[in-house]
Amino acid sequence: MQPGDLDRLAPSEKDALLLQMLNHIGQQSKAHQEQIEQRDKALKFKDAKIEKITFELQRLKHWQFGAHSERMTAEQRQLFEEALVEDRESLQAELDALLGDRPDANHSARDRRTPRREALPAHLRRVEHRHEPEDTTCGCGRPMVRIGEDVSERLDIVPAEFFAHRHIRGKWACKCCEKLVQEPVDPQIIDNGIPTAALLAYLLVSRFVDHLPYYRIEKINARSGVHTPRSTLAAWSGRAGAALTPLYEALRKFALSCRVLHIDETPVRMLDPGAGKTKKAYVWGYARSAFDAQPCVVYEFCVGRGAKYPVAFLKGWDGTIVCDDYKVYETVAKIGVRKEAGCGAHARRKFDELNSPVGTEAIKRFERIYRIERSIASLSSERRLEARMLLTQKRWDALHEWLELERSRVADGSATARALDYSLKRWKALSGFLDDGDVAFDNNHLENQIRPWAVGRKGWLFAGSEMTGQRAAMVMSLVQSATLNGHDPWVYLRDVLERLPTHLNSCIDELLPHRWQPAK
């Protein structure tokens with residue numbers, strides 16, 4: 001419509017046009033109002049969702065750091081914390097997505113709450129990607145000057161790659177003398193076989209560190225186009241285990257050269273072909289003192305849990321054993337001039353299971369002892385013993401007096417009475433750490449080394465035979481000891497398996513984890 005057209009319209013036409021315009025404006029206003037209402041509803045919904053997620057995050061933190069988590073076992077607590085981390089990160093991702101498109105979102109505050117990321121290890125291979133502007137000429141026509149750079153790193157991985165070593169040995173002959181010359185084949189763990197020491201080490205680590213059964217390793221290898229039947233993998237593992245036997249025996253002698261040993265045992269299922277089912281066997285663990293500068297752990301696979309197994313293992317050894325209250329250890333301690341030191345963690349655990357004021361007070365008193373132990377762990381044996389006499393003894397005596405007092409107040413047969421009786425009956429053994437600076441307050445050092453067996457038996461379920469179990473004990477002794485000494489288990493086993501075929505048996509100690517140096 002052009003200017004002036006409205007004047008040429010009849011009054012009735014003007015009224016109709018104005019009515020039409022008013023209707024149009026009303027519809028637009030209504031649509032705009034509906035958009036505002038929808039936007040308000042969306043914002044309210046988003047605010048409610050943000051509030052809900054924030055509440056869930058706060059509740060997760062409360063669960064993670066709340067005192068009730070003390071009532072869980074170590075394994076339950078680990079699974080619980082892993083689940084919390086997964087849930088927390090999932091909720092945080094949802095919260096970030098909701099806050100990302102809000103103009104009033106405080107991004108800087110969220111960034112400050114982000115934990116500082118550790119630098120990637122320096123030994124990793126770096127692949128550099130250079131990013132520079134295509135045009136470094138300013139809009140004014142002058143060339144720009146490079147004044148610095150920002151560097152960021154992202155972690156990447158290349159899956160395991162199989163490749164073949166091709167050895168070509170030339171044949172040289174003298175037609176006159178009828179003489180043939182050719183370089184000999186280097187001795188290998190498996191002569192005339194295809195696996196290298198590195199592949200055998202990879203197999204042993206997969207089996208005894210990552211606890212993968214052979215059928216899973218077979219499937220993993222098949223993804224790379226390499227067919228390795230589980231029977232072949234088992235045969236390779238058996239040959240490699242046999243080659244490591246002398247090294248295991250040397251490790252066993254080294255463990256028994258320490259005058260303080262931690263001892264513990266854990267059940268493992270073993271196949272019983274005659275009965276068509278499995279039966280219970282045991283892995284016994286022996287570790288040098290938790291304060292030893294040259295740590296090691298040795299496992300022995302046995303078909304029973306009787307005293308004859310540790311007695312046979314410790315034949316000719318005298319010293320102090322750190323153990324729990326299993327009655328067999330009393331028999332072991334009575335041989336020779338051995339002493340028994342109890343496990344403070346077991347005593348504490350009895351009170352941790354109580355939901356009572358007595359349990360809470362006991363935990364506080366044990367924590368005072370642990371706080372001192374953590375502060376003196378890096379001292380020498382002599383200085384540690386002096387600190388215990390000065391700081392721990394009076395608290396330990398006060399704990400004993402308190403335990404006796406509380407025991408006189410509770411009825412026999414109650415859970416509190418059983419917890420008090422455990423500590424009071426074991427008091428002499430529990431006090432063993434006060435007489436020797438090399439004796440730890442608890443047996444957690446070895447319990448942590450026993451834990452891989454608990455993980456392993458969930459993966460491979462049972463040992464096929466006593467010989468299979470002992471071979472697993474040998475390999476796990478070496479890889480766990482290598483880990484305790486700060487070595488990569490695969491790097492250690494690869495080097496050892498390469499050197500064993502030509503290494504002198506009289507120098508076998510050079511390959512023990514605490515003395516091992518990689519070949520140049």
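**Helix packing and a buried glutamate**

Visitor: In what orientation do H4 and H6 lie to each other?
Guide: In this predicted model, the axes of helix H4 (residues 197-208) and helix H6 (residues 230-243) come within 10 Å and cross at roughly 100°. Angles of 65 to 115 degrees fall in one class; H4 and H6 are therefore roughly perpendicular.

Visitor: How many nonpolar, polar and charged residues has the contact of H4 with H6?
Guide: From H4, the contact is made by Leu199, Leu200, Leu203, Leu204 and Phe208. H6 contributes Leu233, Trp236, Ser237 and Ala240. By class, the residues in the contact are eight nonpolar, one polar and no charged.

Visitor: With which side chains does the side chain of Glu265 make polar contacts?
Guide: Leaving aside neighbours within four places in sequence, Glu265 is in contact with Tyr282, Val283, Trp284, Arg305, Tyr326 and Tyr329. A polar contact of 2.7 Å links the side chain of Glu265 to that of Arg305, and another of 2.4 Å links Glu265 to the side chain of Tyr329. The side chains in question are those of Arg305 and Tyr329.

Visitor: Which residues of H10 are buried?
Guide: Helix H10 spans residues 344-352, and seven of its nine residues are buried, so H10 is largely enclosed by the rest of the structure. The buried residues are Gly344, Ala345, His346, Ala347, Arg348, Phe351 and Asp352.

How values were computed. Residues are numbered from 1 along each chain as its sequence is written. This is a predicted model: local features need pLDDT of at least 70, side-chain atom pairs count only at pLDDT 80 or more; totals for chains, interfaces and linings use all residues. Side-chain values use heavy atoms; hydrogens and water are left out. A polar contact is a pair of N or O atoms within 3.5 Å; within protein, one must be able to donate a hydrogen and the other to accept it, and residues adjacent in sequence count only if both atoms are side-chain atoms. Contact means heavy atoms within 4.5 Å. Axes are lines fitted to C-alpha atoms, for helices over the stretch in contact, and angles run from 0 to 180 degrees between N-to-C directions. Helices (H or I, at least four residues) and strands (E, at least two) are DSSP runs, numbered from the N terminus. Angles under 35 degrees count as roughly parallel, over 145 as roughly antiparallel, 65 to 115 as roughly perpendicular and the rest as oblique. Ala, Val, Leu, Ile, Met, Phe, Trp, Tyr, Cys and Pro count as nonpolar, Asp, Glu, Lys and Arg as charged, and the others, Gly among them, as polar. Buried means under 20% relative accessible area, exposed over 50%, partly exposed in between (1.4 Å probe, protein chains only).
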